[in-house]
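Please present the following structure for discussion.

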Amino acid sequence: AFILMQLWLIHRIQPSAPIVKTNPSLFKFRDFAHDGKGATRTKTKEINIKSLESPLHDQTLPWDFEISKDRVWLNNLSENAPPVMLVLTEFGFNHPNQTYGANVYRGIRYRELMDVRQNHPWFNPHGWTDLLNGRIVPNVAYYIFLDHDTCMEKNYPNYMCSMEGLEKNSDRFNGRNGTMERHWIHKVKQVVKLVLSQRSVASSSRYILFECSGGWGGGPKSSFYNSRMEAETTIPGQNHSSQIVWVTLSSNKTRVMSQDLGLPPPALKPCSLSPAQKQEIRTTCNQEDKRTTIISFAGNLRHPLRRKLAKFNNNDTIKIYKASPENPSEDLALTSLFAAVPRGDNLFTYRFTEVLSCAAIPLLFSDGWLLPLFSDEEWAKAIIHIPQKDAKQTLDIVEKISKQDRCLMRRQALELYERYIKDGKGIVHGIVEQLQKKREN
């Protein structure tokens, strides 16, 4: 009750003010576009929304009015509700008081995930209010997304490798402040506990929390992760540990619970395959001979595992060396059948997604990593997961894979990337699909 009163006072003492629009029919905001070289460029976009308004409090999140027309089930929830409703809370950037909400920190990566979530056909823009007022539809699962950035992605789209990246990669669309607050982690932790304290929320709810940092040992950051444990002691009589779902970038499988999922790393330098190249992979794979490199890797060699793999380099069919402007990693993977994806400082690596985008077969060296979205068995159709202790046997393992199997694996790698991995839309759809599978089982 004390936390609830504190947050209520903080939120309400701010005077309300709308987002400024220079023209009532044009919604103008700054957009970031990836240039494929690890940097971003900024441009201004205008969306003609005529007299329409997004039903979200946060008007800086794009709202797809075409998709909203298909949500006819909102008119009669008791009879037409989908099996799942996606819901956004209203404590942070989606707070009713947008003078406050526009100053709540949000990173670009988190915004990309949020952009798609509210444009999912099962998103209910009024779902959080319905839940708080006890308007719960029977036999419907509620997937609740937090309007506070728990992600902490400091290396996307600008690779910073330091806490300064949180500022550099903050979301400043349409005049958002985006400044990292002091004690930010503590504040988000308070909000997580506050959300969990809502006794009226359905027991079928799942709280989806994203975690995007990696440098702390292979599990969701303790200051957030402990919220799951604290829920058991601070909110008696409610079993919230099974309701919290961490979608996490760099977790060890031993540090998570059965409902948790892996988060695909964003591709800092993705490949761009032409429609003809994609079609060739999906049908015949008859252009495989143009990939003259059998195994490749270009990146830093700080980790002992990477230095061990570098000993295979022959500068011909096997190219494993430190990346440089003259030898970019994405160009190398485009001409390779297999591309090494060795762990570095963390269990995950951004190169995992980059290799998938190039339609090369990833050779993954990362013991215990919770793979993105899918089980190890499902990923085995698209990647080769080699235990780190067996790195010396890499050439023997690769030589035993037939051309037909290579084609099938490259095809599956491309399909997983295109459908689930390459953008926020696919990731959110993958999360919903996987949670539904777990629910049915």
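The dialogue below treats the sheet, the cores and the disulfides.

This is a predicted model, in which local features need pLDDT of at least 70 and side-chain atom pairs count only at pLDDT 80 or more, while totals for chains, interfaces and linings use all residues. Residues are numbered from 1 along each chain as its sequence is written, and side-chain values use heavy atoms, with hydrogens and water left out.

Student: What is the strand order of the open sheet of 5 strands?
Tutor: Strands (E, at least two residues) and helices (H or I, at least four) are DSSP runs numbered from the N terminus. Two strands pair if DSSP finds at least two bridges between them. The pairing in this open sheet is parallel, and the order is E9-E8-E10-E11-E12.

Student: Which strands stand at the edges of the sheet?
Tutor: An edge strand here has a single partner strand, so one side of it is left without a neighbour in the sheet. The two strands in that position are E9 (318-322) and E12 (384-385).

Student: Over how many bridges do E10 and E11 pair?
Tutor: E10 (residues 336-342) also pairs with E8 (residues 293-299), in the parallel sense over 3 bridges; there, Ile-295 has Phe-338 as its bridge partner. On the E11 side, Ala-340 stands opposite Leu-363. E10 and E11 likewise pair in the parallel sense, and the number of bridges is 5.

Student: Why is E10 described as largely enclosed by the rest of the structure?
Tutor: The criterion is burial, meaning under 20% relative accessible area, with exposed over 50% and partly exposed in between (1.4 Å probe, protein chains only). E10 is largely enclosed because its buried residues number 7 of the 7.

Student: At what angle to E11 does helix H16 run?
Tutor: Axes are lines fitted to C-alpha atoms, for helices over the stretch in contact (heavy atoms within 4.5 Å). Angles run from 0 to 180 degrees between N-to-C directions. Helix H16 (residues 403-421) lies across E10, E11 (361-365) and E12, and its angle to E11 is about 85°.

Student: Which residues have the most contacts inside the largest nonpolar core?
Tutor: A nonpolar core is a set of buried Ala, Val, Leu, Ile, Met, Phe, Trp, Tyr and Cys residues joined through side-chain atoms within 4.5 Å. Met-114 touches Leu-61, Leu-88, Phe-93, Phe-145, Leu-146 and Phe-210, leaving out residues up to four places away in sequence. A second, separate core of 18 residues includes Leu-309, Ala-340, Leu-363 and Met-409. In the largest core, of 75 residues, the residues with the most contacts are Met-114, Tyr-143, Phe-210 and Trp-379.

Student: Is the disulfide of Cys-285 and Cys-407 left-handed or right-handed?
Tutor: A disulfide is a pair of cysteine sulfur atoms within 2.5 Å, and those of Cys-285 and Cys-407 are 2.0 Å apart. Cys-285 is in the loop between H10 and E8 and Cys-407 in H16, 122 residues apart. The torsion about the S-S bond is about 85°, so the disulfide is right-handed.

Student: Which pattern do the disulfides of the chain follow?
Tutor: The structure holds 3 disulfides. One joins Cys-151 and Cys-212, with sulfur atoms 1.6 Å apart, and another joins Cys-271 to Cys-358, S to S 1.7 Å. With bonded cysteines counted along the chain, the pattern is 1-2, 3-5, 4-6.
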